[in-house]
Amino acid sequence: MTFDPSTLSYDSNGLIPCIAQDHRSGEVLMLAWMNAEAVARTLQTRKVTYWSRSRRAFWVKGETSGHVQGLVDLRLDCDRDCLLAVVDQSGPACHTNRRSCFYTSVIEGDEVELMAPEG
């Protein structure tokens, strides 16, 4: 069965959440948004491409930072309303220069930073 990005369930803004996961460690790196064109571009180029809600423009991960996400696998959830991009991450995934955007934990009611920025 041929995949068609238009068959996914997008929100009212035409967007679908996409979780990025490191293909080696299984670590969850980040969450960002895609529209149908970003999904198609990601599959075509094998470079993960998101839709920036604030800039209202396509965003190829690592285009300016050099911290590229190479697509290893793109998976759909059972409801077709969320994507999992299994990636080969080069450098930090977070714009704060941390490996993952999920670097803060809530422990006994307090926010605890789990990792410092790299380099």
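Visitor: Which residue caps the N-terminal end of helix 1?

Guide: Asn35 does, with a side-chain oxygen 3.2 Å from the backbone nitrogen of Glu37. A polar contact is a pair of N or O atoms within 3.5 Å; within protein, one must be able to donate a hydrogen and the other to accept it, and residues adjacent in sequence count only if both atoms are side-chain atoms. This is a predicted model, in which local features need pLDDT of at least 70 and side-chain atom pairs count only at pLDDT 80 or more, while totals for chains, interfaces and linings use all residues. Residues are numbered from 1 along each chain as its sequence is written, and side-chain values use heavy atoms, with hydrogens and water left out.

Visitor: How are helices and strands defined here?

Guide: They are DSSP runs numbered from the N terminus: helices are H or I of at least four residues, and strands are E of at least two.

Visitor: Which residues of helix 1 are buried?

Guide: In helix 1 (residues 36-45), they are Ala38, Val39 and Thr42. Buried means under 20% relative accessible area, exposed over 50%, and partly exposed in between, with a 1.4 Å probe and protein chains only.

Visitor: Why do they line one face of the helix?

Guide: Seen down the axis of helix 1, the buried residues fall within an arc of 105 degrees, so they line one face. The arc is taken from the directions from the helix axis to the C-beta atoms.

Visitor: And what covers them?

Guide: The cover includes strand 2 (28-34), strand 3, strand 4, strand 5 (69-76) and strand 6 (83-89). Contact means heavy atoms within 4.5 Å.

Visitor: Changing topic, how do strand 3 and strand 4 pair?

Guide: Strand 3 (residues 49-52) and strand 4 (residues 57-60) pair in the antiparallel sense over 4 bridges. Two strands pair if DSSP finds at least two bridges between them. Trp51 has Phe58 in strand 4 as its bridge partner. The two strands form a hairpin with 4 residues between them, and Arg56 in the turn has a positive phi of about 55 degrees.

Visitor: Is Thr49 buried or exposed?

Guide: Thr49, found in strand 3, is buried, with a relative accessible area of 2%. Its side chain reaches the backbone oxygen of Lys47 at 3.1 Å. Leaving aside neighbours within four places in sequence, Thr49 is in contact with residues including Ala38 and Thr42.

Visitor: What order do the strands take in the open sheet?

Guide: The open sheet of 4 strands has the order 2-1-6-5, with mixed pairing. Strand 2 and strand 5 are the edge strands, each pairing on one side only.
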